[in-house]
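Dear colleague,

Please find the structure below, with its sequence. My notes on the side-chain pairs and their surroundings follow.

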Amino acid sequence: MDFYHLAEARQSCRNFSAAKQPTQEQIVACLEAARLAPSACNSQPWHFTVCLGNLAQTVAKTTQGMGMNKFTDQVPCFVVVSEGAYNPTAACGSKIKHQDFRSLDIGIAVAHFCLAAQAQGLATCILGWFDEKDLQRTLQIHHHIRVVIAVGIAAENDPHRPKKRKTLADIVDFR
């Protein structure tokens, strides 16, 4: 699949198959794609914690506060992405330029992960709604958790939805 079609096909899944699960090899391939993502000064300021089985069910509960994300009970795998430290060069550049490169770097790595998942027929949903303190305690993570990725196989009744996006004219200026 060429990149444009891959990007067009990827969507946030909220209806996962309870009967089918991704293989460890598929998850590792997605992690490998994320590992290869570019980062400021090659600092790679991320850590991925893969949660399966009973631990995945516990993670699901941390994403369901205030009635949100009820679909996560169906998710067989979560990848919790936490923020690691800068290397000295990226830390210096961040301070001088008043930019937090880590959040951008993590976003790129997460995009690589999700596109690699799509290429293998897996479904993902990037979650920003979670109880960070509870998740940190549960997983014994001492860094800021940036995002949780739900990973699985879409249920058969989860059709591809057309993308609703702003037009290029709304988001681009050529000067």
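Lys61 and Asp73 form a salt bridge, with their closest N and O atoms 2.8 Å apart; the term denotes a side-chain nitrogen of Lys or Arg within 4 Å of a carboxyl oxygen of Asp or Glu. This pair links distant parts of the chain, as Lys61 belongs to helix 3 and Asp73 to the loop between helix 3 and strand 2, 12 residues apart. Helices (H or I, at least four residues) and strands (E, at least two) are DSSP runs, numbered from the N terminus. Lys61 counts as exposed at 52% relative accessibility, while Asp73 is partly exposed at 46%. Here buried means under 20% relative accessible area, exposed over 50%, and partly exposed in between (1.4 Å probe, protein chains only).

Please note that this is a predicted model, in which local features need pLDDT of at least 70 and side-chain atom pairs count only at pLDDT 80 or more, whereas totals for chains, interfaces and linings use all residues. Residues are numbered from 1 along each chain as its sequence is written, and side-chain values use heavy atoms, with hydrogens and water left out.

The structure holds nine salt bridges. One of them joins Glu156 to Lys20, where the closest N and O atoms are 3.8 Å apart. Glu156 is exposed, with a relative accessible area of 77%, and Lys20 is partly exposed, with 40%.

A further salt bridge connects Arg146 and Asp100 (3.4 Å, N to O). Because Arg146 lies in strand 4 and Asp100 in the loop between helix 4 (88-97) and helix 5 (101-119), the pair ties together parts that are 46 residues apart in sequence. Arg146 is partly exposed at 31% relative accessibility, and Asp100 is partly exposed at 34%. Through salt bridges that share partners, Glu83, Asp100, Arg102 and Arg146 are joined into one network.

Phe16 and Phe71 are stacked, at 6.3 Å centre to centre and 10° between the planes. Phe16 lies in the loop between helix 1 (3-9) and helix 2 (24-35), and Phe71 in the loop between helix 3 (53-62) and strand 2 (77-83), so the pair ties together parts that are 55 residues apart in sequence. Phe16 and Phe71 are both buried. Trp46 and Phe48 form a tilted pair, at 6.5 Å centre to centre and 50° between the planes; Trp46 and Phe48 are buried as well.

Finally, Gln136 is found in helix 6 (residues 132-139) and is buried, with a relative accessible area of 15%. Leaving aside residues up to four places away in sequence, Gln136 touches Ile141, His143, His144 and Ile145, contact meaning heavy atoms within 4.5 Å.

With kind regards

How values were computed. Rings of Phe, Tyr and Trp (its six-membered ring) pair if their centres lie within 6.5 Å; planes under 30 degrees apart count as stacked, over 60 as edge-to-face and the rest as tilted.
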